[in-house]
Structure formats: C-alpha cells, structure tokens
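Colleague: Hi, I'm new to this one. Could you put it up on screen and take a few questions?

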Amino acid sequence: MATVHLRIGDLVWGKLGRYPPWPGKVVSPPKDLKKPRGKKCHFVKFFGTEDHAWIKVEQLKPYHPHKEEMIKINKGKRFQQAVDAVEDFLKKKEKQGGKEQNSEGKGDSKGKKTPTKPLKILEEDDEDLSALKDPSEKDTRSTSIQAADSTAINGSITPTDKRIGFLGLGLMGSGIVSNLLKMGHVVTVWNRTVEKVPQDNQHCDLFIQEGARLGRTPAEVVSMCDITFSCVSDPKAARDLVLGPSGVLQGIRPGKCYVEMSTVDPETITELSQVISSRGGRFLEAPVAGSQQVSNEGMLVILAAGDRTVYEDCSSCFQAMGKTSFFLGEVGNAARMMLILNMVQGSFMATIAEGLTLAQATGQSQHTFLDILSQGQMASTFVDQKCQNILQGNFKPDYYLKHIQKDLRLAISMGDTANHPTPMAAAANEVYKRAKALDQSDNDMSAVYRAYIH
C-alpha cells in the first residue's frame, strides 16, 4: 500500500499482518498508550467492532477512493457488516452537519468512558463467533488461568521496556517474533540454521528490516537481553541450544530470564530449569498451542509454568503473541499439558484421515463426508482446514508431521512413566511413522492421509 497523508478523523482502509484490509477511522490514541518505536503509524479504530490498533502509514489507504476495489476482493459477512457500519456513520455525520457527536477515547454524551475491546478480526466467511468473546469474561471453571486479555493485534498493548531475545525462527518462532516487533518490543534474534542454510540469512534480514537486531550466538543474545525466548524443534535441539558451544548457559548471569517455548518432555524441561537456575538465572517454560497460521495471527494459546515472576514480566510479550495464557504451576506441568493436547490432536488428525480414506474405499464421496462432518458436533476450523488440505492435495506445512509424531512419541513415553495406557496414541503414532517412511516428515500433519493410500 502506498504512503498517504492522513489526519485525525479520516476514514481509511487499514491492513494488519495477514488480515485483509479493514475499514476504520484515524483517531487519537489514549494518552497513556505508547506509540511503537521507530515506525510511522496512525492509531485506527476499526468499524464493526470496538477495536483499535497502530497501523503503519504504508498499510493505510483512504476510504472512498478504494471502496469499490476493497468490496470486490472481500466478501466476508463481518467485512460487509463493517462496511455497513461505515455507511451508517457517514449518514449520521451528514445529518449532524459534518460534526461527530463523540470524540474518540473521551466517552459518550453523558461523559462516561466507553470501554474498548481487543481487536479480533475474523477471516472471510468465518462463522466462529467465539472469536468475538470479550476476554474480560473470565472462565470461572479454572483457577489456574491467567488470561493475557489481549492479542497481537490489540492496540492497547504497552510493550515492556525489557530487552527481548528470541532464538529459533522456524514455523512458530517467525510469527511470534513478527508480532513482538509489531507491538513495539525491542527484539534480538538468532537462528540456529543460518550457518548451515545460507538463505536463512535472508530470513533473518526480513526481521532486521522490521527493527530486530541480530545476535551472533545464543550466548551473545542472552548476555544482551533481559528475557530470552527459545522455540526449537525437539528435546535434543533445546538441550544443545542451552548446553552447547556458545550456548545459552554461557550468557546466563544472575537475574537473566530464559523462557523455553519448545514442545519437549518434562525431563528435558526440568534439566534446563536446573542448569539455568544454577547460574542464577530465572526460568519459565511456555510451550504454545497452535500452528504457523495461528502464530502469524498472534492467536496462540500459551501454557506457562515455573517462575511466576518471569511469567508476569513476560505479560506484554504473551499479549503480543497469543490470545490467552495459562499459568500451570511448577516446572514440568506445561510440558505435560502440551504433550497431552498434541497427543489428542495428532490422534484426531489420524482418525480424520482414516475416515476420509474409508469413505473413498467404500464408494462414498469424501466431499459429502466433509460437508456432513462440518454440520455436526465435531465441526471446527481445524477439521475444515485439514480436510480441505487433503482434498486439494495441499500439504504445505502449518504444523510439521515429524513434530506431531515426536509429540505423540513423547506423550506415550510420559504415559509409560505414569503407568497409564495410551493405546489410541500408540496406534496413531504407528500411522505417522509410516507417513514419515513415505517421506512426509516435512509436510503438514494432514499428510498422514498418505499413509492410508500407499
């Protein structure tokens, strides 16, 4: 989008991350809300919602000249509702002789402040109304929940003044870092494959262009930063990152915070917590539930355990990268919960693939099977997306098949340790192992389908 010159009150189309352009109005930000560092941007209130966000000037277009263009390319129900809200606003403004009844952020005609809600734009034709839920409505069924009360697209986030480090720019880490930067955090990045894969230098360059700094080693990143996050593929990678040459441990000093976001086993987490603490460091585990798309959208679910004060220090970071966070107590609990969740997800995905192939084998339409499934109790965005991937033969990774198989393996081992049977997970694990033998490791988990057709 081209750069435009705008003033308070101008109607605009604002594009935020991977979301489609959305109608909004340039407004004055609250006095206590910091503007993101080093970026020319405007504070925008979006129509069809009470939500706000800082939007870069190059991601803004004036409303009227581009209205027809935007209506042609966006057909979602909520988008149309937002456009209708703009038209209602213009009609009311015209009746009032061009004057607006209320000024943004100052309240209504009676002087009462109008509360704002986190910005949650659904994708086109998304019918999942749970995404409109106000996060201030706490779930009273669980006392372990500490909600982030915000998302990566919530303009009310005030970035921490602590220096943030991030190690690992894979499918999940890239989206997390991008959202940290968007919300004004100062981030130093490092990726472990830069030396092995030259194009990863370009990958890092993309974040540097967005304002990130580049660390030469994990130890250097930790020494430069107050809080360092890591998100890598498996227990071995997590250990090597901390204990290896120029690793995290060499940069740890008293007071330094280390947050392990990788999905690993409880034993690995306990070991890392102990070695970090032995150097005076503060440790938190915080694996995330989601996928590349969810990470990019800043809608991850964060499961944290360990040092509660580190959890609190990470508040603005968790708000930037996720929609909700849970604090689960002592070190190891988040790893256990994450493995259980991924065990269920992996087993479910294998069952869906089995159902699709059985439908085909018995002469039933796979498309009709999906249509029926989407109208029943099992309907979900996950089912719809994964089934569409299978039917279209599109297995571009959103969550690597090799990683879900790793999680199943770790969950089964955890069950053995607890003397608890996991026969369903064990059966699913064998199917994923077959898919891996068919060279599907680096495809999406939905490629487990191919284990049934070869």
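Colleague: Which residue forms a salt bridge with Asp442?

Modeller: That's Lys402, with the closest N and O atoms 2.7 Å apart. Keep in mind that this is a predicted model.

Colleague: And where in the chain do Lys402 and Asp442 sit?

Modeller: Lys402 is in helix H15, residues 401–417, while Asp442 is in the segment after helix H16 (423–437). The pair is 40 residues apart and links distant parts of the chain.

Colleague: What's the relative accessible area of Lys402? And of Asp442?

Modeller: Lys402 has 31%, so it counts as partly exposed. Asp442 is partly exposed too, with 46%.

Colleague: How many salt bridges does the count come to?

Modeller: The count comes to 14. Another of them joins the side chains of Glu271 and Arg239, at 2.8 Å from N to O.

Colleague: What about Lys61, which side chain does it meet in a salt bridge?

Modeller: Lys61 meets Glu69, at 3.3 Å from N to O.

Colleague: Is Lys61 buried or exposed?

Modeller: Buried: its relative accessible area is 16%, and the cut-off for buried is under 20%. Glu69 has 36%, so it counts as partly exposed.

Colleague: Which residues are linked in a network of salt bridges?

Modeller: Arg282, Asp307 and Asp313 are linked that way.

Colleague: Does S14 pair with S13 in the parallel or the antiparallel sense?

Modeller: Parallel, over five bridges, with S14 covering residues 322–327. Leu300 stands opposite Gly322 in S14.

Colleague: And S11, parallel or antiparallel to S13?

Modeller: Antiparallel, over two bridges; S11 is residues 282–285. Glu285 has Ala305 in S13 as its bridge partner.

Colleague: How many bridges join S12 to S13?

Modeller: Two, and the strands run antiparallel, S12 being residues 288–289. Ala289 stands opposite Val301 in S13.

Colleague: Where do side chains point in a regular strand?

Modeller: They alternate between the two faces of the sheet.

Conventions
Residues are numbered from 1 along each chain as its sequence is written. This is a predicted model: local features need pLDDT of at least 70, side-chain atom pairs count only at pLDDT 80 or more; totals for chains, interfaces and linings use all residues. Side-chain values use heavy atoms; hydrogens and water are left out. A salt bridge is a side-chain nitrogen of Lys or Arg within 4 Å of a carboxyl oxygen of Asp or Glu. Buried means under 20% relative accessible area, exposed over 50%, partly exposed in between (1.4 Å probe, protein chains only). Helices (H or I, at least four residues) and strands (E, at least two) are DSSP runs, numbered from the N terminus. Two strands pair if DSSP finds at least two bridges between them.
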